[in-house]
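The structure is shown first, and the discussion follows.

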Amino acid sequence: VAPLPGQEQQENLADTKKDETGGVRTQARPTLSKEQYRVSTNFWLTGRVTLKGTPPAEKPLELDPECQTDVKRHNLSPPMTRNFVVGTNGGLANVVVTVMNPPGDMPGDFLPPKKIDIRGCQFHPYVTATMTGQEVVLENNDTDFHELKGFPTNIPNPIIDVALLPGAPPPSVTFVNEESLIRVYTDNRRWMQGYISIATHPYYGVTDSNGWFRIPLPPAKD
């Protein structure tokens with residue numbers, strides 16, 4: 001389980017170790033076939049992440065006039081910070097859940113793209129989990145310009161530095177290495193942020209508004 005910064009202690013997405021340059025690299029694992037993945041989607045692992053205790057109160061975001069206009073245009077609730085999004089009976093949202101030491105890795109280029117929708121100067125979803133090789137589309141549905149930045153730590157994952165013009169075709173980004181969490185933000189609106197988590201296998205998910213997750217059950221190891 002990989003909570004956001006400020007939540008409980010974060011676990012790595014896979015077995016890793018430092019290389020000679022100080023970077024992080026994944027230890028070798030077998031390569032899974034697409035058929036193995038398709039078979040695993042006949043069986044699902046479900047569960048729930050809950051938060052014990054009372055989290056700090058979320059704070060309203062101090063929006064500029066352009067963002068206030070877009071919030072109203074999209075009929076969104078007044079935006080708040082999303083450090084601890086807690087639902088019914090303590091269910092904790094936005095937690096990345098992943099199978100540790102899976103039976104193998106696989107590229108994600110056969111899966112449909114993930115999409116980050118920017119509305120009301122907010123990221124939807126707040127946390128996006130994806131696979132290496134899988135496209136992540138960055139779509140601006142506001143009337144204002146947004147320039148997104150993000151700096152991965154696991155080279156050669158690409159630095160995110162894209163200009164999102166309103167109404168323009170959305171760009172996409174693809175990652176080549178696993179990464180626990182990449183913070184994506186804008187310089188002129190530092191409160192406007194989201195997170196991307198990258199895995200090398202498909203056995204992961206993000207908890208919903210009530211803390212529930214549902215991920216494919218990996219095949220048994222040989």
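Cys 121 counts as buried, with a relative accessibility of 1%. The model in which this value was computed is a predicted one. Cys 121 forms a disulfide with Cys 67, and the two sulfur atoms lie 1.9 Å apart. The link of Cys 67 and Cys 121 is left-handed, with -85 degrees about the S-S bond. Because Cys 67 belongs to helix H2 (residues 65-73) and Cys 121 to the loop between strand S5 (114-119) and strand S6 (122-124), the pair ties together parts that are 54 residues apart in sequence. Cys 67 is likewise buried, at a relative accessible area of 0%. The count of disulfides comes to 1.

**Sheet**

Five strands make up an open sheet in the order S7-S13-S12-S9-S10, and their pairing is mixed. Strand S7 (127-131) and strand S10 (160-164) are the edge strands, each pairing on one side only. From one strand to the next, the twist averages 20 degrees. Within this arrangement, strand S9 (residues 146-150) pairs with strand S12 (residues 179-185) in the antiparallel sense over 2 bridges. Lys 149 stands opposite Tyr 185 in S12.

**Nonpolar cores**

The largest nonpolar core has 20 residues. Those with the most contacts inside this core are Phe 123, Val 136, Leu 148, Ile 160, Phe 175, Val 184 and Ile 196. At least two residues of the core come from each of H2, S5, strand S8 (135-140), S10, S12 and strand S13 (193-199). When neighbours within four places in sequence are left aside, Ile 160 is in contact with Leu 148, Lys 149, Gly 150, Val 173, Phe 175, Val 184 and Ile 196.

**Salt bridges**

The count of salt bridges comes to 7. The table lists three of these pairs with the distance between nitrogen and oxygen.

| Asp 64 | Arg 189 | 2.6 Å |

The salt bridge between Asp 64 and Arg 189 links distant parts of the chain: Asp 64 sits in the loop between strand S3 (44-48) and H2, and Arg 189 in the loop between S12 and S13, 125 residues apart. Asp 64 is partly exposed, with a relative accessible area of 22%, whereas Arg 189 counts as buried at 3% relative accessibility.

Asp 187 is partly exposed, at a relative accessible area of 40%.

Definitions and conventions. Residues are numbered from 1 along each chain as its sequence is written. This is a predicted model: local features need pLDDT of at least 70, side-chain atom pairs count only at pLDDT 80 or more; totals for chains, interfaces and linings use all residues. Side-chain values use heavy atoms; hydrogens and water are left out. Two strands pair if DSSP finds at least two bridges between them. Helices (H or I, at least four residues) and strands (E, at least two) are DSSP runs, numbered from the N terminus. Axes are lines fitted to C-alpha atoms, for helices over the stretch in contact, and angles run from 0 to 180 degrees between N-to-C directions. A disulfide is a pair of cysteine sulfur atoms within 2.5 Å. Buried means under 20% relative accessible area, exposed over 50%, partly exposed in between (1.4 Å probe, protein chains only). A nonpolar core is a set of buried Ala, Val, Leu, Ile, Met, Phe, Trp, Tyr and Cys residues joined through side-chain atoms within 4.5 Å. Contact means heavy atoms within 4.5 Å. A salt bridge is a side-chain nitrogen of Lys or Arg within 4 Å of a carboxyl oxygen of Asp or Glu.
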